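Thanks for coming. Please have a look at the model on the screen before I start.

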Amino acid sequence: VGVRGGTQLLSTAINLHLGLYEDHACIKLDLKNAFGLMSRSEMLKALLESPAFRDLYPVMWACFWPASPVVGLDGVTSEEGGQQGDVAIPGLFSLALHPDLKWANEKIQKECPTAGIRAVMDDIYAFGPLEVIIPIVDKLKDRLLQRSAGVLQPTKCRVFHRNPDIVREFFSQNPNFKDFDKIACKAGADPARVKWGEGLGFLCAGLPIGDDDFITDHLLSKTDRSVATITKISDWLQSVSAQYLQVINRFCFAPLLHYETQLLPQGIMEPHLSKLDDALHQVFLASTSVDPKCDPITKARIEAPIRNGGCGLPSQVDTGNAARVGCIALVLPMMLDRVDELGNTITGFMNSLYPILGKGSFDHGSHDPRFQYLINDSDHPLGRQLKDDWMRMQRVAFPGGVPLGQPDNLLAVPATEAGTFNGSPLSHVQKLLTQVMSESRVRALKRVLASLPLDDERATAAFNVDIFSSQFLHLPDSAHLGLGNADFYEASRTYLGLE
C-alpha cells in the first residue's frame with residue numbers, strides 16, 4: 001500500500017523473472033468482484049492490525065456502518081463489501097488480502113526459493129514450476145473464502161508458459177486441478193493448440209508479456225482504440241470549443257500510451273507512438289487550423305513547453321526514451337534486498353533477479369555505479385536497452401559530444417549512473433530527463449530562429465512570447481472566459497508567426 005510505481009514494479013518484475021527462468025509458469029488469478037465482495041469486518045481487522053494505518057480505523061468504521069447509502073443511487077444501500085468508487089477500498093482490500101498472499105508466497109518459496117506470488121490490489125500472479133504453484137493456489141482459493149465472497153474463479157484464471165505443451169501435460173496428469181488449465185493467449189488463438197510464436201501471452205497489470213505476436217497484437221489493438229477514441233471526441237468537441245479540445249489533447253490524449261512507453265523498449269513502441277503522434281497532430285490541426293507538419297520550425301515550437309514559448313504538445317516518440325529510463329530508475333532499485341543510509345536492510349520485491357541486477361548493486365554507499373552489473377556484466381537485453389536509450393538522449397542533449405566536468409547535468413554521466421546526482425539516487429527521474437531533453441531541443445530551436453531573416457514572422461513571434469501571450473493555451477477559469485473558435489484560430493496562428 002502506498003508504493004510509488006506499484007503497477008510498473010509488478011509488471012517489470014514478472015516480465016524479467018519469466019524471461020530469466022524460462023522453465024517457470026505464471027498463473028494470473030481472477031477474483032470475482034474483488035473489491036465489492038471483500039468482507040468489511042476483514043478490512044477493518046486488517047486496518048486495526050496495521051501500525052501504519054491504524055489511526056484510520058475510527059473513520060473507516062464509521063464509513064462501513066451497515067446500510068450505508070450508495071452515492072448517486074437514491075434508496076440503494078450497501079451493507080457489505082466495498083462500494084464502487086470508494087477511494088479507500090483498494091488499500092483496505094490489499095491490507096485484508098495480504099496475510100493470505102504472504103502465506104501462499106512462503107509456501108511456494110519453501111519448495112522453490114526463486115518462485116513466489118506477487119500482487120498489486122486484485123492483480124495477483126503466482127510464478128514458478130507448475131507442480132509447485134498450482135496446488136498452493138488451489139489451497140489459496142479455500143483460504144480466500146474465509147475473508148471474502150469474491151471467490152477465486154479457476155475457470156477464469158490463465159496459465160502462461162513458454163512451452164504450453166508442458167502445461168497441457170501437467171493438467172492431463174493432474175485432473176484434480178483441471179479447472180486451472182486455461183492457457184494464456186491472444187483472442188482468436190486456440191488455447192488447446194497454440195504454441196510460442198502464435199500469440200502466446202497475457203496481460204500483467206496492463207503490460208503484454210509473451211511472444212512477439214501477442215505483444216504486437218495487443219499494442220496494435222490498444223493504439224487503434226486510442227486513436228478511434230481521440231477521433232470520436234475531437235469530431236464532437238471541435239465545433240463546441242477548440243480551446244478546450246486543445247487542452248484535452250495535451251492532458252488526456254497524449255498520455256494514452258504512456259504506461260506501455262515506460263515499460264516496453266523504444267524499438268517496440270516507436271511505430272505505435274508515431275501513430276499516436278499523427279492523431280495528436282490531427283487534433284491540433286482541427287483545434288487551431290495550424291498543421292504541425294507545415295514546416296519544421298512550427299513543428300518544433302508546437303512541441304516545445306509552453307514555458308519556453310511553445311504549445312506544450314511534445315512528440316511521444318521523442319519523449320519515449322526518458323519515460324523508459326525513468327521507469328527503470330524507479331523500479332529496478334526496489335527489486336533486490338538493499339541497505340539504506342542507516343544500515344537497515346530493506347526487503348526487495350523480486351530477489352530472484354540477482355543474476356540480472358547484481359547483489360548489492362543498490363546498497364547505499366556501494367562503490368560501483370548501480371547499473372554497472374546490469375549493463376556491463378549481466379549480458380541481459382535490458383542492460384543494452386538502457387545503454388541505448390541513454391546514449392540516444394545524450395546525442396540530443398550534447399550534439400557535439402558529452403562534455404566533461406558537468407556533474408550538474410543529469411545526462412553528463414555514463415548510463416551505469418543513470419538517475420543519480422553525484423552518486424545519489426534521484427526522485428522523479430522521468431520528469432527530470434524530459435525537462436533536460438526539452439531544454440536541449442528548445443536551445444536548438446532558438447539557434448535556428450536566430451538564423452532566420454529579420455522579416456520572418458515565425459522568429460519575430462517566438463522571440464516576443466511572454467507569460468501573457470501564451471495564456472490562451474491554458475484552460476480558462478470558466479467557460480464564459482474562453483475564446484470562441486475563430487478567435488482561438490487567429491490567436492494560435494499569430495502566436496506561431498503564421499499570419
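This is a predicted model: local features need pLDDT of at least 70, side-chain atom pairs count only at pLDDT 80 or more; totals for chains, interfaces and linings use all residues.

Residues are numbered from 1 along each chain as its sequence is written, and side-chain values use heavy atoms, with hydrogens and water left out.

Some terms. Helices (H or I, at least four residues) and strands (E, at least two) are DSSP runs, numbered from the N terminus. Two strands pair if DSSP finds at least two bridges between them.

The sheet, then. It is open and has 4 strands, in the order β4-β5-β1-β6, with antiparallel pairing. β4 (116-120) and β6 (158-160) are at the edges; each has a single partner strand, so one side of each lacks a neighbour in the sheet. From one strand to the next, the twist averages 20°. β1, residues 25-29, pairs with β6 in the antiparallel sense over 3 bridges. In that pair, I27 is opposite V159 of β6.

Next, helix α5. What does α5 lie across? The answer is β4 and β5 (123-128), and α5 runs at about 155° to β4. Such angles run from 0 to 180 degrees between N-to-C directions, and the axes are lines fitted to C-alpha atoms, for helices over the stretch in contact. Contact means heavy atoms within 4.5 Å.

Is N105 buried or exposed? N105 counts as buried because its relative accessibility is 15%. Buried is under 20% relative accessible area, exposed is over 50%, and partly exposed is in between, with a 1.4 Å probe and protein chains only. Apart from neighbours within four places in sequence, N105 is in contact with G116, I117 and R118.

Now helix α7, residues 164-173. Its buried residues include P164, V167, F170 and F171. These cover an arc of only 115° around the axis, which means they are on the same side of α7. That arc is taken from the directions from the helix axis to the C-beta atoms. The exposed residues S172 and Q173 are on the face turned away from the buried side of α7. Among the elements covering the buried residues of α7 are α6 (130-144) and β6.

Last, the hairpin. Strands β7 (residues 201-204) and β8 (residues 207-210) run antiparallel and are joined by 4 bridges. F202 is opposite I209 in β8. The hairpin has 2 residues between its strands, and A205 takes a positive phi near 50°.
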